[in-house]
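Please have the sequence and the structure open while reading.

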Amino acid sequence: MLRAGSAVACVACRNLLPSRMGVRFRLPLQKLHPFSRAIHHRYSSNSNPQRPPHCTSARHYTSLSRLPMRPPKSRSGGHGYQQQRSFWVARLAARLLKLRYILLGSAVGGGYTAKKTYDEWKDMLPDFSEYTWIVPDFVWEMAENIDLDKLAAALPEMEEIAKLLPDMEKIGENFTFLKSLLSSGVGSEVIGASGLHLLLDTSGDPTLKATEIHSATAAVPESGDKQFKKTSDKEKVDQLQEELLRTQLKYQRMLERLEKENKELRKVVLQKDDKGIHQRKVKKSLIDLYSEVLDILSDYDSNYNTQDHLPRVVVVGDQSAGKTSVLEMIAQARIFPRGSGEMMTRSPVKVTLSEGPHHVAMFKDSSREFDLGKEDDLAALRREIELRMRKSVKEGQTVSPETISLSVKGPGIQRMVLVDLPGVISTVTAGMALDTKETIFSISKAYMQNPNAIILCIQDGSVDAERSIVTDLVSQMDPQGKRTIFVLTKVDLAEKNLASPSRIQQIIEGKLFPMKALGYFAVVTGKGSSSESIDSIKDYEEDFFQSSRLLREGMLKAHQVTTKNLSLAVSDCFWKMVRESVEQQADAFKASRFNLETEWKNNYPRLRELDRNELYEKAKNEILDEVISLSQVTPKHWQSILQKKLWERVSTHVIENIYLPAAQTMDSGTFNTTVDIKLKQWTDKQLPHKALEVAWETLQEEFARFMAEYKGKDQDDIFDKLKEAVKEESIKRHKWNERAMDSLRVIQHNALEDRSITDKPQWDAAIQFMEETLHSRLKDTESVISDMVGPDWKQRWMNWTNRTSEQHVRNETKNELERLLKLHEDHTAYLANDEVTTVRKNLEARGVDVDPVLIKDTWHQLYRRHFLQKALFHCNLCRRGFYYYQRHFVDSELECNDVVLFWRIQRMLGITANTLRQQLTNTEVRRLEKNVKEVLEDFGEDTEKKVQLITGRRVQLAEDLKKVREIQEKLEAFIEALHKEK
């Protein structure tokens, strides 16, 4: 049938086509789908009758491949059928192989897609390596040093742990036995007393069980009714009071235990937070921010009536009333110096209390921490406080208003700021200043007049209340008692000494004193021994109030006793006052800042707002620049000014003591010998000292010159006093190197011994130096003579002046002596006695009475002029004498030894100036710069010195502006933190 090639199809195949599919062409049966042919032969007969043609597209029968395959029924015989079956099996195998490749490709593609998705997801994650600092270092060190595998291997197995657990079956059996024992009726008393029946019997009706127990225990009160009714009402009240007291003490112990546990837990937490995450900035606590504001305000002196009205707790009381002890109990450490009856608190001490992981104390201006858990640190702290108090007290005074700022941190300490004031006294004793009482009153009033200050009034309970002074003072400052807390100390002594304990009740209830208060407290601050610890004082206080009749009889209430309750109450009152007043104070400083800024803009519109410290730094930089500019002075300038000044200093000695005496000799040998001797003496004794003095003065003058030149370059006059003080102090501290004098002496001696002039320019330079020197001296001499004899005729006619009688006598004497010199031009320097007599008689003949001393003085100046004139003439002749000098003046009437002397002097001046210049530039300028820096550093650390040297309204205004801004910023930061804490 398959080979017939007829284009026919069976009815079954034709029926497979839906009627809606249009058949457009015919296909032979061999080209049909294998499934179609199989189905066709299944339903067709062997007779191959005439069939309609089977014509359809192959794509309409692809869905048949998904139909469930039925195994064909085996047919016997027929070669064509066997061929068709084998072809179907091959097609099926091909399909299965194709499915394998599809699955393999899907697996590969899915794996690649999953990897790509994983990589994209991994790229989206942040780089956690940057956040490894969050984990503390010790975790990583543990991971490196601890072998977790060994640790796991060392742990016991679960079976061994199970052996250690209790046998729950045996426990259940024991509970069952105990339950049966109670159920069998041991006795109503046992059931009622123990109450275990309800605990063990969990089955059944609980109401019924409770009823049974109630009925079982009801017999107990019935049996005691008669005895209880016999008790009197007084005994009932006593029993109730005792029961109430026991309950209060019980809960007080529970609270203290819980507070102690909380304190330890907070300490652990704070210690962990104190170690912190690496490089994390520790945030300041609220009380630290507030304390900083108070510290700034303590140094602020306002001219705009912006008073410091921020709250703080002011501790006032009579001397030895226990103020310091109360404060130490609140701070939980014995931090203050103590004395028996002696005044120990000599200045206000501001103590900032805050919570922290460690119990430490620290001063505001120091970085040292005192460990309050160590007795050595406590003793050192007390010594430091006492030392600061004594340093703050001025000479002749007993107390000081200067505040000492101290902060105390520790676990469980209440946050607040307290100011311990000197104790109020009634009488000034020996050794005290006369105004000590008034000074203490003024200091106390200054702190208490703050309307927001909380007054902690301390009253000694062991003395008569009528002897108290502080209560009257407090009632004056706070008559309504709206911010006063009254504390009665030494209640143990008061209860022991007073015959009527109700007097203590009157004090605590505010009925004995006229003053009013917010609250009244009674405390015990120890047995009076300075060696007692805070813990022992707390135990003693607790034991006292537990056994005290004041609490037992209801005279005191439980919340009114112990320093613990006092500190809680004071802290609550303090923070309440802070929240109510801090914003108003911030507004006041904001207005003050506006006023200051307005004044600055109106008076100093083009100047920066530099406070005293900033101005000092600016002046310091300018002074250092001026000192550094000394190193820029050229060597030529140093050489010229040193040589000039040195000659000005020694020229008189050279002319008067060396040249003129030597020139009086008659021959050159004597002249040279005299010169050599006098030069040696001069070099050994005077010349090095003079040279160093000249060098030091030159350095000072150059330093001053540079400062004056710098002043012209927009120099601020406000620095003048400071620069002058720095210059004077630096010069005062500067000392020239003494070893330089010995070396300088040798150099000068060698220079003066040299007589060899090598060339003509040096000879001419020496002659010029000599002429200038002689001309200068001649001019000075003529000026002296002119002053002696008075004006000549021309000056008298031109200036309408006349000579005095003395000048007239001197003029006549001068004329007589000039005639003598004309007659004897080679006269010696001194007049003989007969010559003096002759001159005096000649003057007397002309009617001039003259004294011999006046004649000699006049002769000295006239001869000096005569000699200088002759020396100048001789110097002019020696201009051509260099040739004779080279021949040692052999066969020559010209002697120029004086020229050689001036050359030796000139050469010594040059060498000395060069040596001093080298020492200045290499050593002394640097030493002066070092001295200036040291002086500036010392002045910078001395606040009083800066206030003295940098003054003026401009400075004070800038200071006030800086303070007000700083206060306002601190207040705003504190207010922000305060709102966040709410």
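A disulfide is taken here as a pair of cysteine sulfur atoms within 2.5 Å. By that rule, the structure holds one disulfide. The model is predicted, and the values below are computed from it.

**Disulfide**

- The disulfide joins C878 to C896, with an S to S distance of 2.1 Å.
- The two cysteines are 18 residues apart and link distant parts of the chain.
- C878 lies in the loop between α33 (852–877) and α34 (882–886), while C896 lies in the loop between α34 and α35 (897–941).
- The torsion about the S-S bond of C878 and C896 is about -100°, so the disulfide is left-handed.

**Burial of cysteines**

- Residues under 20% relative accessible area count as buried.
- C878 has a relative accessible area of 0% and is therefore buried.

**Strand β2 and its partners**

- Strand β2 spans residues 349–355 and is mostly covered, with six of its seven residues buried.
- β2 runs parallel to strand β5 (residues 404–410), and seven bridges join the two strands.
- Within this pairing, V349 stands opposite I404 of β5.
- β2 also pairs with strand β6 (residues 416–420), here in the antiparallel sense and over five bridges.
- T352 has V417 in β6 as its bridge partner.
- In a regular strand the side chains alternate between the two faces of the sheet.

**R917 in helix α35**

- R917 is located in helix α35, the helix given as residues 897–941.
- Which side chain of opposite charge is nearest to R917? That side chain is E702, 13 Å away.
- R917 is buried yet has no salt bridge; a salt bridge would need a side-chain nitrogen of Lys or Arg within 4 Å of a carboxyl oxygen of Asp or Glu.
- The side chain of R917 does make a polar contact with the side chain of N914, at 2.6 Å.
- Leaving out residues up to four places away in sequence, R917 touches P635, W638, Q639 and L642.

Note on methods: Residues numbered from 1 in each chain as written. Predicted model: local features only at pLDDT ≥ 70, side-chain atom pairs only at ≥ 80, totals over all residues. Heavy atoms only, no water. Helix = DSSP H or I, 4+ residues; strand = E, 2+ residues; numbered from the N terminus. Buried < 20%, exposed > 50% of the residue type's maximum accessible area, 1.4 Å probe, protein only. Pairing = 2+ DSSP bridges. Lys, Arg positive; Asp, Glu negative; His and termini not counted. Polar contact = N/O pair within 3.5 Å; in protein donor to acceptor, adjacent residues only side chain to side chain. Contact = heavy atoms within 4.5 Å.
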